[in-house]
Amino acid sequence: MTRDIATKAGPAGGRVLPLAGRPGETASLARARQALDKVRAAHDAGFARDEIARAPLGAEALDAALRGGLARGVLHEILAEEAGDLGAAYGFALAASARLLRRERRGGGVVWIQEDRARGEDGIPYPPGIAMQGLDPSRLILVRARDPQAALWAMEQALRCRALDVVVAEISRLAGAYDLTASRRLGLAAREGGATGLLLQAGIGGRDLKLSSAAFTRWLVRAHPSRPGLAGEPGYPAWSLRLVRQRGGREGHWLMEWNHDERIFVERALPGGEALSGDRPAPRPERAHPARMAAFGA
Amino acid sequence: MYPALIVADADPEADKALLARLGDWARRYTPLAAIDPPDGLILDIAGSAHLFGGEQTLLDDAVARLAALGFTARAAIAGTPEAAAALARARPGTIVPAGGEEQALRPLPLRALRIDPQALAGLERLGLKRVEDVLLRPRAPFAARFGEDLIERLDAALGRVRSTIGARIEAPSYVVERRFFEPILNPEDVTRTLHRLASELCAMLLKYGEGALALEMSLFRVDGAVRRIALRAARPTRDPERIALLFREKLAGERDELDIGYGFDVVRLVAARVERLDETMTRLDGPAAGEDLARLVDALGARLGPERVRVPAARDAHQPEAASLLVAPGARPDPGWLAPPPGAPADRPIRLLERPEPIEAIASVPDGPPLRFRWRRVLHETMAYEGPERIAASWWEGEGHTRDYFRTEDRAGRRFWLFRQGLFGREVAVPRWYVHGLFG
């Protein structure tokens, strides 16, 4: 029986893959298995070819690990490692949005959805500060959602809108509202509409999140001391970025600085070991000593 | 006294509310219905009487339905609201033919015109009890003796001047409705009806070149309850699919069931506000991006509430809280966002707490930076800072105290926007510290 099928011509006269029937397998089952193998091969080949568009972040090592930059039209997860790192998580999401925003288009570009609880705990996006970090607030639309479900619904709607570049959703606790199915839906919506989704959890529990999801990447963000300026003031924001999952790619850990003037990420050397070097002296009351401050970092 | 008499306290508020609900109910006959306090309803049936098989049938139907609801109603139909109101009270059941108001009003007692009681008493003392008594006499002395009110009401009733009650009813621009002999009972029928009505409404809008900015759907239940659902669109629309979708989203967002009860027998869709909408060329690659965005904004607003979808607008204010305003999309004025010159520090936070939170801070007096502070039970040691940036309180708002803002970074690299409130020694004895925002 198996031999009969192997000699039939394939659709449109194409080649038929040799059918290695397994013992005891019916013809239809063998056909099904063959079809599945073809699909798998095409899927894997697709990833190797990498048809997903990417937005370069500006730092070579990071872009190389990401195979060109932050993938567009997919869902990324950004989690704060600890509760105190929420500023860092927001900063990274903002910087990523600035890179993803296509500046040749006018009108709406970024939709930022905030769940009410996140708003109460961590405050509201502040457009003057956002402008200073390199994201034009005239391209920003701010949406408030009552609860995680409403926020995820709004994110799905926004991802489908072809006029947008980025959709950011802040949810205080992902566990419970967000699961594998939800991540698949959001990924699908992103692919249909072309917008890139950034799902942000800035509350506690980022580091321990054991959720399985279909997101393209997952980032753990932690604050890091900046390179101070000439007068000892805080410099460009810096973060420890840990890529803990990338579909079809490697994980990684980098120390990145966001240059908001040129709107690019700049890599900084990782300190040896996990502990942060906190040996800078505290500033004196009248004026911080510039020489000693500048010796660290860089 | 009568033992069988039931006595209850008068509750004018409840009566007003009931009358308002009856006004809603009365809109099943015509969208132009107003309440005539304390106990009346006025309906403009000029455009809808024919739908009921004539004025007599409409009057009988209304009285019968009100009786079924438990009310004894007296009704009359006339060419002016005042005449109809007077006849309903004095000669219920009258239907006045066109132009016959004067004839019909003549035999009525003056009380039916609802004139001020003092004037009424005065007229009675003079022996003037009926409307015809006043009509036959010269008007000027009446006005002088009893005030304008009497003459105005008479003129309004006779149609000589535009009535005041009629002026309160605003006709909506576009109305489509469906009346069901058999009330519709399931949600699918409601949805189908909504689609049909939306298509009809949009066809009308297309004919006149307009689009709807505000829509209202009214569902009248057989037992008298009325459900209204109102919608707003950011841009004028005449797309039936979109309108139907927005109504569905609105219902889903309100999370309550469409309480159908024993069924709806009238469904009406009204475009309350419209605007010119010219034919737009659709691009070959689909609708324009702006259109897509407007759809999204509408859908989000319908489901979450329109006040939850906002865009930032810049304001020239030195108070940080006031430097940015959230406005409705579409209302955004010219963008005034300034990017800082290259090399300048980004001295505004990316997040602003809704209210500055008090912190315990250690700083050197009089105006040193916070060396250490505790916020939400976590201790932070300042390793780098910038400041102070002095922001005085707005003297016209009377708040009073100057704020010195500092941009600080702690040992872990967490960056805060803190301020000291009150100048030491000059404004307060002990300044207080707050955290106002977070940096990236």
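A nonpolar core is here a set of buried Ala, Val, Leu, Ile, Met, Phe, Trp, Tyr and Cys residues joined through side-chain atoms within 4.5 Å. All views show a predicted model.

**View 1. The largest nonpolar core has 54 residues.** The members that touch the most others are A:Ile78, A:Trp112, A:Trp219, A:Trp239 and A:Phe265. Helix α4(A) supplies the largest share of this core, 11 residues. Apart from this core lies another, of 43 residues, which includes A:Ala151 as well as B:Val309, B:Val311 and B:Ala313.

**View 2. Surroundings of A:Phe265.** Neighbours within four places in sequence are left aside. The contacts of A:Phe265 include A:Leu57, A:Gly58 and A:Ala59, then A:Phe92, A:Ala95, A:Ala96 and A:Arg99. Also in contact with A:Phe265 are A:Trp239, A:Leu241, A:Met256, A:Glu257 and A:Trp258.

**View 3. An open sheet of 11 strands with mixed pairing.** The strand order is β12(A)-β11(A)-β10(A)-β9(A)-β3(A)-β8(A)-β7(A)-β4(A)-β6(A)-β7(B)-β8(B). At the edges, β12 (264-268) of chain A and β8 (324-327) of chain B each pair on one side only. From one strand to the next, the twist averages 30°.

**View 4. Pairing of β11(A) with β12(A).** Strand β11 of chain A, residues 252-259, runs antiparallel to β12(A), and 5 bridges join them. A:Met256 stands opposite A:Glu267 of β12(A).

**View 5. Helices α4(A) and α7(A) on the sheet.** Helix α4 of chain A, residues 86-100, touches β3, β4, β7, β8, β9, β10, β11 and β12 of chain A. The direction of α4(A) makes about 175° with that of β8(A). Helix α7 of chain A, residues 148-160, touches β3, β4, β6, β7 and β8 of chain A. For α7(A), the angle with the direction of β8(A) is about 165°.

How values were computed
Residues numbered from 1 in each chain as written. Chains lettered and ligands numbered in written order. Predicted model: local features only at pLDDT ≥ 70, side-chain atom pairs only at ≥ 80, totals over all residues. Heavy atoms only, no water. Pairing = 2+ DSSP bridges. Helix = DSSP H or I, 4+ residues; strand = E, 2+ residues; numbered from the N terminus. Axes fitted to C-alpha atoms, helices over the stretch in contact; angles between N-to-C directions. Contact = heavy atoms within 4.5 Å. Buried < 20%, exposed > 50% of the residue type's maximum accessible area, 1.4 Å probe, protein only.
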